[in-house]
Structure formats: C-alpha cells, structure tokens
Amino acid sequence: MIKFEDVGKKYPNGFEGLKHINLSIEQGEFVAIIGLSGAGKSTLIRTINRMHDVTSGTLNVDGVDVMSLSGKQLRKFRRNIGMIFQSFNLITRTTVIKNVLTAFVPDMPWFRSTFGIYTREEKMKALECLDKVGILDKAFVRADQLSGGQQQRVALARTLAQNPHIILADEPVAALDPVTAKQVMDDFKRINEDMKISVLINIHHVDLALKYATRVIGIREGEIVYDGPSSEVNGEILSLIYKGQVDSEGNVKEEAG
Ligand SMILES: Nc1ncnc2c1ncn2[C@@H]1O[C@H](COP(=O)(O)OP(=O)(O)OP(=O)(O)O)[C@@H](O)[C@H]1O
Ligand SMILES: [Mg+2]
C-alpha cells in the first residue's frame, strides 16, 4: 500500500510542487494521474520511489516511511519499484536481451557486472519477461532497430525483471502513435491483472486514462482535485482538473490556449 498523509513537496527555490496530498493506494490498483502540464504529476509519482524527497507530511510504501530510508536500504527499496519513462531509456547500441539483463546488475558481484557475465537463471528470467510483453522474438535484435512501441516494451520487460510490486510510469505512451499507445497500455493492463503489480501512470490522453485505469487522480496546481473511479469522471470533473480548457471527451476546447 502507498499512503500519503498530508504530504507537501517544496522545491529548493520555494515552489510548492505538491500541497496537502492525502492518498491511499492498495496493492494491485491501476491508477491514472491526469492534469495540465506543470500540475505536479511527475512530482507526485517521483516522490514514491524517492527520486524526489517530500518536505512535509508522511509517505509510507508497504509500511515503510520512505523518508526514513538511506543508503543500502533506499537502494533495496527502489529495486521493488519499477520506473518507466516517455523516452524508454534503453542502451540502443546493444541487443534487447542485454538491455533486460541490466536489471540484474545492481545485485551482481562486481566481477560479473564488469565482464557482463549472467547466470542461466538471469537469462531465462530476461527471456520470460520479454515473452510477457510479447517481444520474445526480438531478444537478439539491436534495440535501435525496434519501433518506439517495441522499445517501450523492452523497458517494461527490464522493469519486470526487477520483480517490482509497483510500476510508476511517467507518460509512457506520449511518444507513440495512437495504435501503438493502446498496445502498450494493454501490456500495462495485463501485467497489472496477471501479476497484481500496482500501476501508476501519468498520462495526457484522457481517453486512455478512462479506458485503462480503474481509478483516476486529477491534479491541479499541486493539489488533488479529483480521486475516484474512472467510470465517474465526467465533463464537470475534467473541467475542474483542466481549468475549463477541455470538453467532456477530454479534447481541448476551440477557444482554449
Ligand atoms: N526542480 C524543480 N525546481 C523548481 N520547480 C520545479 C522543479 N521541478 C518541477 N518544478 C515545478 O513543479 C511543478 C510541477 O512539475 P511536474 O513536472 O510535476 O509537472 P507535470 O504535471 O508532470 O507536468 P508535465 O505534464 O508537463 O510533465 C511545475 O510548475 C514545475 O515547474
Ligand atoms: Mg510530468
């Protein structure tokens, strides 16, 4: 469970990125976080694995006060949380399988990581993770020869190899065409349902948020202005989240911007 209690995040320049956040997310939920650019979506998900420190209130993940962690404990904690970015962050000059295998590097003795020596179990696990996202046949292809959607799947497989309880995804489909975006969202959904991994996704596509997530969190200027079932999100709620600039379908209004 992820629990925010009156959490605030003040950046070093004094800007309040998050204000009075109260949230409980149960294991296995699929949550979409929506809001205008600059609303605080990235800030919110990045506090969960301590890429950002919260500056007030308490944040607990699986019963652990995240701000109490340091050194080895913090590194171990982060290993349980997968992170997916818009830009895939692959090593493009090397093969797909080698990219997935890098997930094991933090736990390897130095001589194995230096020489890139992986165990049979690690290789099998990497192949299994590629199979879970439907690109096992691409295992020995160079990452830069894949399409954007396929590259995002490699990133997802690499994250799965860590055995995460939680996957945080910061606009994972923003760089993809609508068809590929749906396919990648299908992967997230399948992983969420089959493996009971909690998924938190920042996303600008309201239609995808409503279609895939069971719960939607709407952020506006660092505050939660909606938290509820995706099925109950309506035009009024979207208008509140997006300051009146989108219609009930999530399309930007003609007169906006
Ligand atoms: N290091 C920083 N120092 C000061 N302010 C910051 C810093 N990082 C982010 N901010 C500010 O915090 C606010 C929230 O940023 P955040 O990146 O969380 O927004 P977002 O909702 O993810 O936006 P987008 O949809 O564009 O990704 C923004 O106003 C941003 O300018
Ligand atoms: Mg962001």
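This is a predicted model: local features need pLDDT of at least 70, side-chain atom pairs count only at pLDDT 80 or more; totals for chains, interfaces and linings use all residues.
The protein chain is divided into two parts: domain 1 covers 1-80 + 164-257, and domain 2 covers 91-163. Their C-alpha centres are 26 Å apart. To the contact between them, domain 1 gives 17 residues and domain 2 gives 14 residues.

In soluble globular proteins, nonpolar side chains tend to be buried together. Here the largest nonpolar core is made up of 54 residues, and Met185, Phe188 and Ile203 have the most contacts inside it. Because both domain 1 (1-80 + 164-257) and domain 2 (91-163) supply residues to this core, it lies between them.

Ile203 shows how such contacts link parts of the sequence. With neighbours within four places in sequence left aside, Ile203 is in contact with Ala32, Ile33 and Ile34, with Val173 and Met185, and with Leu208 and Ala209. Met185 in this list is also one of the residues named above for the most contacts inside the core. Another core lies apart from the largest one; it has 27 residues, including Ile2, Val61, Leu74 and Phe77.

The surface also has a nonpolar feature. Trp110, Phe111, Phe115 and Ile117 make a nonpolar patch of about 510 Å². Trp110 is placed in helix H4, which spans residues 110-115. With a relative accessible area of 63%, Trp110 counts as exposed, because the cut-off for that term is over 50%.

Technical notes. Residues are numbered from 1 along each chain as its sequence is written. Chains are lettered from A and ligands numbered from 1 in the order in which they are written. Side-chain values use heavy atoms; hydrogens and water are left out. A nonpolar core is a set of buried Ala, Val, Leu, Ile, Met, Phe, Trp, Tyr and Cys residues joined through side-chain atoms within 4.5 Å. Buried means under 20% relative accessible area, exposed over 50%, partly exposed in between (1.4 Å probe, protein chains only). Domain bounds come from an automatic or database domain assignment. Contact means heavy atoms within 4.5 Å. Patches are made of residues with over 30% relative accessible area and no salt bridge: like charges are joined within 9 Å, nonpolar side chains (Val, Leu, Ile, Met, Phe, Trp, Tyr) within 5 Å. Accessible areas come from the Shrake-Rupley method with a 1.4 Å probe; for residues, only the protein chains shown count as cover. A salt bridge is a side-chain nitrogen of Lys or Arg within 4 Å of a carboxyl oxygen of Asp or Glu. Helices (H or I, at least four residues) and strands (E, at least two) are DSSP runs, numbered from the N terminus.
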